[in-house]
Amino acid sequence: MSRTAALSAPARRARRAVFVALAVPGAAAAAFVLQRSLRHHGGGWHEWVGTISGVVLLTVAALPVAALTVWMLAHRRRASGTTPAWAWRKSLAEVGIVYGTVPWIWMIMLPGGGAGAAPRRVNPVPLRDLLTILAGSPATATVQIVGNLLVFAALGYLAPLRFAALASLPRILALAAGCSVLVETAQYFLWLDRVSSVDDVLLNAAGAALAAPASRRSWRVTAGAGDGAAAG
């Protein structure tokens with residue numbers, strides 16, 4: 001018997017949940033390295049990978065690729081014996097988590113004009129930055145708050161559908177908060193001329209927690225079908 005087969009169902013679920021948590025900072029690091037490399041050596045690529053509008057356009061352009069990836073994963077799983085419904089469910093959730101999260105992390109990791117030179121900035125005081133934002137332009141406040149709420153919304157909605165171990169609101173809240181802390185820490189140490197703020201963590205976690213209940217009716221299906229489906 002292989003080591004993977006010998007693992008208990010809770011152990012497999014926990015391992016998958018840990019993988020999701022580690023994938024987020026991994027995506028942040030990859031986004032930073034890639035955009036920085038293309039920014040300095042890719043000429044016109046900076047307009048695509050180094051600006052928010054460019055990232056949005058790339059995200060839209062990548063939609064057919066995401067759809068094709070879902071189809072390929074579902075087809076592979078069905079061929080290995082997974083039931084069609086569960087094969088599509090897994091594949092849609094996995095690709096959706098990536099597609100709905102990576103572009104936001106990419107934008108978060110875009111450096112400011114003083115990257116590498118401006119003093120590093122940290123705000124450990126809850127609600128201070130949020131109150132400052134709310135005191136400014138309503139349009140700016142709306143964009144910043146909604147944007148922060150959406151960063152891990154896809155993760156909050158889809159992770160419980162894919163991973164039975166995450167079919168719990170406190171766990172989703174903890175996962176999103178932990179991922180946000182890792183991203184904010186990366187911003188600080190990579191010297192991106194961005195504020196590493198506890199308010200960003202609060203909003204990111206709140207966004208995931210608000211999105212999670214929207215899929216809650218299907219959590220029981222995840223818990224019941226996840227361990228009974230064929231591996232894949």
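Visitor: Which residues have the most contacts inside the largest nonpolar core, and what makes such a set of residues a core?

Guide: The largest nonpolar core has 23 residues, and those with the most contacts inside it are Ile97, Met109, Phe152, Leu155, Ala159, Leu166 and Ile172. They are called a core because the term stands for a set of buried Ala, Val, Leu, Ile, Met, Phe, Trp, Tyr and Cys residues joined through side-chain atoms within 4.5 Å. Helix 6, helix 9, helix 10 and helix 11 each supply at least two residues of this core, and helix 10 gives the most, with 5 residues. Apart from this core lies another one, of 5 residues, including Val49, Trp106, Met107 and Leu110.

This is a predicted model, in which local features need pLDDT of at least 70 and side-chain atom pairs count only at pLDDT 80 or more, while totals for chains, interfaces and linings use all residues. Residues are numbered from 1 along each chain as its sequence is written, and side-chain values use heavy atoms, with hydrogens and water left out.

Visitor: How many helices and strands does the chain have, and what makes a stretch count as one or the other?

Guide: The chain comes to 12 helices and 2 strands, where a helix is a DSSP run of H or I with at least four residues and a strand is a run of E with at least two, both numbered from the N terminus. Along the sequence they follow the pattern α-α-α-α-α-α-β-α-α-α-α-β-α-α.

Visitor: Why is Arg77 called buried?

Guide: Arg77, which is found in helix 5 (residues 63-79), has a relative accessible area of 4%, and buried means under 20%, exposed over 50% and partly exposed in between (1.4 Å probe, protein chains only); Arg77 therefore counts as buried. By that rule, 39% of the 232 residues of the chain count as buried.

Visitor: What makes the meeting of the side chains of Arg77 and Glu94 a polar contact?

Guide: Their separation is 2.7 Å, and a polar contact is a pair of N or O atoms within 3.5 Å, of which, within protein, one must be able to donate a hydrogen and the other to accept it, while residues adjacent in sequence count only if both atoms are side-chain atoms.

Visitor: How do you know that helix 9 is mostly covered?

Guide: In helix 9 (153-162), 9 of the 10 residues are buried, among them Ala153, Leu155, Pro160 and Arg162.

Visitor: Where on helix 4 do the buried residues lie, on one side or all around?

Guide: The buried residues of helix 4 (residues 52-61) are Gly54, Val55 and Thr59. They cover an arc of only 140° around the axis, which puts them on the same side of helix 4, the arc being that of the directions from the helix axis to the C-beta atoms. On the other side of helix 4, Ser53, Leu57, Val60 and Ala61 are exposed.

Visitor: How much space lies in the largest pocket, and what makes it a pocket rather than a cavity?

Guide: About 600 Å³ of space lies there, a volume being the space filled by probe spheres set on grid points joined across faces, edges and corners. On a 1 Å grid over the protein atoms alone, a cavity is a set of points where a 1.4 Å probe fits but cannot get out, whereas a pocket is an open set with protein on both sides within 12 Å along at least five of seven lines, and lining residues have an atom within 4 Å of a point. Of the 21 residues that line the largest pocket, the closest to its centre are Ile108, Gln144, Asn148, Arg194 and Asp200. Helix 8 provides the largest share of the lining, 4 residues.

Visitor: What is the phi of Trp191, and why does Trp191 count as partly exposed?

Guide: Phi of Trp191 is near 55°, a positive value in a residue other than glycine. Most residues other than glycine have a negative phi. The place of Trp191 is in the loop between helix 10 and strand 2, where Asp193 is also found, with a phi near 60°. Trp191 has 31% relative accessibility and therefore counts as partly exposed.
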